[in-house]
Amino acid sequence: MREEINTNEVEAKAAPNPTIVKWNDFWRKFLKNKSAVIGGIVILILILIAIIGPYFTPFDPNVQDHAIKLTGPSSEHWFGTDHHGRDIFSRIIHGMSITLYVGFFAVLIGMTCGVTLGVISGYYGGKIDTIIMRIMDIMLAFPGIILALAIVSVLGTDLNNVIIAVGIFSIPVFARIVRGSTLAVRKLEYIDAIRALGASDLRIIFKHILPNVLSPIIVQATLSIATSILSASGLSFLGMGAQPPTPEWGAMLSDGRNYMWDAPHVATIPGLAIVIVVLAFNIFGDGLRDAFDPKMKN
Amino acid sequence: MAKELLKVTDLKQYFPIKGGMLGRTINHVKAVDGVSFTVHEGETVSIVGESGCGKSTTGRAILRLDEPTSGEVEFDGEDLLSLSKREMRKKRKDLQIIFQDPYASINPRQTVRQILEEALTIQNVVPKEERSKKIAELMDVVGLGAHQADRFPHEFSGGQRQRIGIARALSVDPKLIIADEAVSALDVSIQAQVINLLKKLQREFNLTYLFISHDLGVVRHISDRVIVMYLGKIVEIGDKTSIFENPQHPYTKALLSAIPVPDPEPEAKKERIILQGDVPSPIDPPSGCRFHTRCPFATEKCKLVEPTLRSEDYMKEGHSAACHYIEEIEAGTHTAKY
């Protein structure tokens, strides 16, 4: 007995979706990159700590006890106490959510504006492109922290203003990357075909260009989170960001500076915390970039 | 005679060359430089020429995929270049294009169904409920099974992909289809299939084709009329038999002499005109007749005076060529220098 097999249907079912294939490929390459996987796991743990950590801290981060000020790490106060006798461990845990919040939202602002400007610039070209990109060049010419300082001094000292400032100075990086990718995608023949069908610019941009420029955006966003956290901490360190008694790491670092000789842990522990977070995002971002890069096939 | 569907008048497409410190325009690539022709309803007009002669640019300019520098494109009595962007988007329903590269001209992330559905949605050709029926019909018309609709482009061969491209162009019920080297990237056997498909569709849907190609064999097979372009200008235009059997312009003669004849004896006897040198740069085209730098018949006059398209009595109606010496060459009184 021979069974009639409809080969067409078998093929149709077995047909892999190229998007899924691409993701499988991406995962395979990403998992090969050990440091990136570690970075990713660290980021997940940090996010978890930021969410549930504050419920489990042994001390209130803002309660002062001058009797025990500037004591070193002990079994009771794991990371020691600061100049007001506050528990540094609790403050670090509470500061985690602030740090991540600053990082994510600053990048969200930078990414949204940068991607929009980059797509407009790359898609329409001509004068609009020149104007947008020259403005981006001007912004890039300023050292980031100076630009952010200027913005914060105009808007006023506040953590949210720091986010805005840090977000604004990450706009040019996104705009440049997205413009470049858009230029490449726009030249593809199928974009012309869709245009010839009478598709609106919005449809072309959202349905056909953005999905194609997504991977560089994701990579840049991850790397930008690291720089944003660093800049925001820097601003807080300079006294332009979070105000006391907020347990912001940059501000804690700044406080600890005065006691560097007597109680170095007050400054070093927030410093180390910043290093860990920034490093985790950086190596994760690098791993993403390698995994997304089609030239890195192995 | 059928009515005029497309009338192109003095179409020019100059691409600026930016340079210098301030990115000013320092010169232009004169890709298409004053091209005029008409296409009647239901006919197939081919544009032939070497690569870089502006044939594809002409097609793109008609569709406003690149905004032309100047000229008029009248389609069905309406000037396309004066339409606003929004009006033009609506109008695109009537003019479609099929591209050369079937691998690049469809989005690899979409299934055939999604590709066709998008086309139908954009122009809102049929109500939503009838779309999947229309998709099945379209696939059937171009010779693909409706069961293949949920596949991705990479699962098809080059010829099948080109059929998808044709289905997409057909989906909006166009009047004019510009086939920009539509079969050049395909194998010869597949070329024949696709050309026959195009001919069949033309009969069924009363389509008009503007067929852009460098392949004279294909052009001879499919065209009613032929336009020969050289360096952004039309050098000869006329109906197919007249152009192929009685070419007037020295360039057309050279071009046609390159077609091999399948019979070895006449092939050996055939006089081949081999042109000297390369196509000059369209940035700074030669003065006078643009072909004079390579023309075996060129004289001093050709360097100075630009010839216009003209007809002689012995030529078939509608056949004209842009050369100062068509009568003399025809009569044999003006001979080639080499």
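Visitor: Among contacts in chain A between residues at least 6 apart in sequence, what percentage join residues at least 24 apart?
Guide: The model is predicted. Two residues count as a contact here if their C-beta atoms lie within 7 Å. Of the chain A contacts between residues at least 6 apart, the share joining residues at least 24 apart is 70%.

Visitor: What radius of gyration does chain A have?
Guide: The C-alpha atoms occupy a box of roughly 85 × 65 × 30 Å along the principal axes. For 298 residues, a compact globule would come out near 19 Å. Chain A instead has 24 Å.

Visitor: How many residues of helix H9 of chain A are buried?
Guide: Across chain A, 41% of the 298 residues count as buried. A residue is buried if 20 or more other C-beta atoms lie within 10 Å of its own. H9(A), residues 189-196, is mostly covered. Its buried residues include A:Tyr190, A:Asp192 and A:Arg195, and their number is 7 of 8.

Visitor: Which elements of chain B do the buried residues of H9(A) pack against?
Guide: Within chain A, these residues pack against helix H8 (171-186) and helix H10 (201-237). On chain B, the partners are strand E6 (95-98) and helix H5 (158-171).

Visitor: Which residue just after H9(A) takes a positive phi?
Guide: H9(A) spans residues 189-196. Just after this helix, a phi of about 100° is found at A:Gly198.

Notes:
Residues are numbered from 1 along each chain as its sequence is written. Chains are lettered from A and ligands numbered from 1 in the order in which they are written. This is a predicted model: local features need pLDDT of at least 70, side-chain atom pairs count only at pLDDT 80 or more; totals for chains, interfaces and linings use all residues. The radius of gyration is taken over C-alpha atoms; the globule rule is 2.2 Å times the number of residues to the power 0.38. A residue is buried if 20 or more other C-beta atoms lie within 10 Å of its own, exposed if 12 or fewer, and partly exposed in between; C-beta atoms are placed from the backbone. Helices (H or I, at least four residues) and strands (E, at least two) are DSSP runs, numbered from the N terminus.
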